[in-house]
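Welcome! Here is a short briefing to read alongside the structure.

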Amino acid sequence: RITTLLINAGLFCTLACGHCLVVASPMRTGDDENLSAETAERLLDWLARAPTSETVDLTGGSPEMNPSFRRLVEESHRLGKRVMDRCNPTLLVHRDATGADAYGWAPEFLAEHEVHVVASLPCYLEENVRKQRGVIAYAASLEGLRRLNAVGYGDDPRRRLTLVYNPTGATLPPPQETLEADYRRELLERFDLRFTELWTITNMPIARWRDDLLRQGQLEEYERLLRQSYNPAAVERVMCRNQIHVDSQGRVSDCDFNYALGLSTPVAGDLRLWDLSPAALAGR
């Protein structure tokens with residue numbers, strides 16, 4: 001059964017990270033790449049008719065940059081859904097062209113609605129973050145996490161803060177439990193920052209990351225590493241078993257990786273999410 005609806009609110013983002021599978025950036029502002037208010041309402045209507053869908057997972061780009069973000073969170077919360085926000089923490093300190101604190105509202109809003117914040121922090125060391133996310137990303141990420149801590153994230157069990165690590169090179173992530181202990185120690189000792197848990201992810205060789213690997217002559221070696229490291233036991237927890245992905249135009253994919261590759265779920269074809277029943281998607 002489909003327990004999670006993963007909504008890509010659009011490709012607009014304050015960053016253009018080297019590993020981004022959807023090639024998000026500050027330049028991706030087109031209506032054909034970002035969720036409209038009308039489409040947001042259609043997605044919410046589908047959620048109201050999908051009782052098994054317990055979680056709404058909002059991603060992008062930076063989903064908070066979409067004008068319908070707060071509407072999606074508020075109505076999903078009203079429907080009794082758990083809400084997750086795939087947050088780029090630099091956004092929380094982003095200033096607009098006038099110098100105003102453009103998203104200063106976000107930490108308190110997320111806390112009020114008990115949104116599970118999943119914040120990307122590719123390393124606790126500045127050099128690695130700069131390499132993947134740019135010169136200002138490290139300091140801005142830390143300040144964004146401070147703002148989340150200030151409203152209870154990392155301490156209050158109702159305000160879950162998950163950090164996400166992904167490798168900066170053509171390697172696999174280290175064991176999650178070991179790295180979480182390192183993150184917890186280093187962030188607390190250096191910056192007095194707290195979080196709930198750490199997730200490690202493996203970079204898929206697609207989009208910008210594939211281009212980087214090709215330039216460095218490492219694509220074949222990295223793909224070999226992935227094949228050699230295949231773990232059949234992981235199939236039980238593959239995301240597409242209980243999750244469906246919908247993009248900003250309502251098109252349906254099995255997961256965000258397939259979305260990035262332009263692969264719709266076979267059962268959908270050219271249909272949009274609101275044309276499909278939860279039962280049809282669960283049976284795919």
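Predicted model: local features only at pLDDT ≥ 70, side-chain atom pairs only at ≥ 80, totals over all residues.

Residues are numbered from 1 along each chain as its sequence is written, and side-chain values use heavy atoms, with hydrogens and water left out.

**Around serine 253**

- Serine 253 sits in strand β8, residues 252-253 (helices, H or I of at least four residues, and strands, E of at least two, are DSSP runs numbered from the N terminus).
- A polar atom of the serine 253 side chain lies 3.1 Å from the backbone oxygen of leucine 263.
- Beyond its neighbours within four places in sequence, serine 253 is in contact with residues including Ile244, His245, Tyr259 and Leu263 (contact means heavy atoms within 4.5 Å).

**Around asparagine 203**

- Asparagine 203 belongs to the loop between β6 (197-200) and α7 (207-215), and at 5% relative accessibility this residue counts as buried.
- The side chains of asparagine 203 and asparagine 166 are joined by a polar contact of 3.1 Å (a pair of N or O atoms within 3.5 Å; within protein, one must be able to donate a hydrogen and the other to accept it, and residues adjacent in sequence count only if both atoms are side-chain atoms).
- A polar atom of the asparagine 203 side chain is also 2.8 Å from the backbone oxygen of proline 167.

**Nonpolar cores**

- The largest nonpolar core has 53 residues, and Leu161, Leu163, Tyr183 and Leu187 have the most contacts inside it (such a core is a set of buried Ala, Val, Leu, Ile, Met, Phe, Trp, Tyr and Cys residues joined through side-chain atoms within 4.5 Å).
- A second, separate core of eight residues includes Leu15, Val22, Ala24 and Tyr259.

**Cysteines**

- How many disulfides does the structure hold? There are zero (a disulfide is a pair of cysteine sulfur atoms within 2.5 Å).
- Cysteine 87 is in no disulfide, and the nearest cysteine sulfur, in cysteine 13, is 9.8 Å away.
- Cysteine 87 counts as buried, at 3% relative accessibility.
- For cysteine 255, the closest cysteine sulfur is that of cysteine 240, and the 6.0 Å between them is too far for a bond.
- Cysteine 255 counts as buried too, at 9% relative accessibility.

Notes. Buried < 20%, exposed > 50% of the residue type's maximum accessible area, 1.4 Å probe, protein only.
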